[in-house]
Amino acid sequence: MTSASELRSGKGDRDENFPVASWIIHPRHRALILAYYNFVRTADDIADHATLPADEKLAYLDLLESELLGKGDTQAEAVSLRRALAERGMAPRHALDVLIAFRMDVTKLRYETWDEVIHYCRYSAMPVGRFMLDVHGESTSTWAASDALCAALQINNHLQDCGKDFRELNRVYLPRDALAASGASVEQLGLTQSPPAMLACLQALAVRNEALLNESKSLSAEVRDLRLGVEISVIQAYADRIVRLLKVRDPLRERVHLNKLELLTFSLAGMIGEVGRRAIGRKAISKPGTAHDA
């Protein structure tokens, strides 16, 4: 069996919609965070591989899980994360959770409702935020707001890449009931521009995702670690900007991503805003509702 490393897409931490172990995070945490990121990125690339048969994808994901749990030393990303977690006395639960999502990516190509998409996010995105909070020793009471932020980031990505996911992987995260409500069809995702019905569907989902994102506004204030709070504020600023763009742009016609100037601008805004909030002791903007699946 080929090493999972050889199946990587070439995408790295600098290609994400959010900072990964940036200079904001304390240096003592970066090695562990990067080990987790590389494990997750490798598993994600396997699930998204264009030519690998489904049964082989599942076999590789099983192998990564097995070696993460100590049964072998052939997969570098699994071994590195296993050792990094052991050094901190942390369990692998958040890495095991994301493997559930990647198995879903291999076996589930359509979603019926918004709730099904959120269930997917429970495993694809929420564990990442929970992992970051655990690394920093934060309370599980922060998970509700973190879950909302991570799910919203994931859905932003689903909307940004909806055409590419359909064309390259025949995978559609847009809920079927939302498509039907707008009079849109899955096949329209193969076009180079959204017809009015598809554009209405995409923008309605962006509005719904903005409401989800608003549930996470208290997160930076809930965490105790200053650096993590600043990092969260930067991520929130990126996500807010992207969802605003998705409400007015057509992701089938144009690339809806932040350029370098926007990344710099919203990074500075997020950092200054959070440092200022803490300096004057301002409370959280809002409190999220009921926590998602624990």
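Rings of Phe, Tyr and Trp (its six-membered ring) form an aromatic pair if their centres lie within 6.5 Å; planes under 30 degrees apart count as stacked, over 60 as edge-to-face and the rest as tilted. In this predicted model, local features need pLDDT of at least 70 and side-chain atom pairs pLDDT 80 or more, whereas totals for chains, interfaces and linings use all residues. Residues are numbered from 1 along each chain as its sequence is written, and side-chain values use heavy atoms, without hydrogens or water.

**View 1. Ring pairs join Tyr111, Tyr120 and Tyr173 into a cluster.** The whole structure holds 4 aromatic pairs. Tyr111 and Tyr173 are stacked, at 5.6 Å centre to centre and 25 degrees between the planes. This pair links the loop between H4 and helix H5 (114-124) to the loop between helix H8 (162-169) and helix H9 (176-182), 62 residues apart; helices are DSSP runs of H or I, at least four residues, numbered from the N terminus. The planes of Tyr120 and Tyr173 lie at 40 degrees with ring centres 5.2 Å apart, so the pair is tilted. Tyr120 has 3% relative accessibility and counts as buried (under 20% relative accessible area, 1.4 Å probe, protein chains only).

**View 2. The charged end of Lys108 sits over the ring of Tyr111.** The distance to the ring centre is 4.9 Å. The criterion is NZ of Lys or CZ of Arg within 6 Å of the ring centre and within 35 degrees of the ring normal. Arg122 is placed likewise over Tyr123, 4.8 Å from the ring centre.

**View 3. Buried residues of helix H2 (residues 54-68) include Tyr60 and Leu64.** The buried residues of H2 fall within an arc of 130 degrees (directions from the helix axis to the C-beta atoms), so they line one face of the helix.

Definitions and conventions. Helix = DSSP H or I, 4+ residues; strand = E, 2+ residues; numbered from the N terminus. Expected span 1.5 Å × (residues − 1). Buried < 20%, exposed > 50% of the residue type's maximum accessible area, 1.4 Å probe, protein only.
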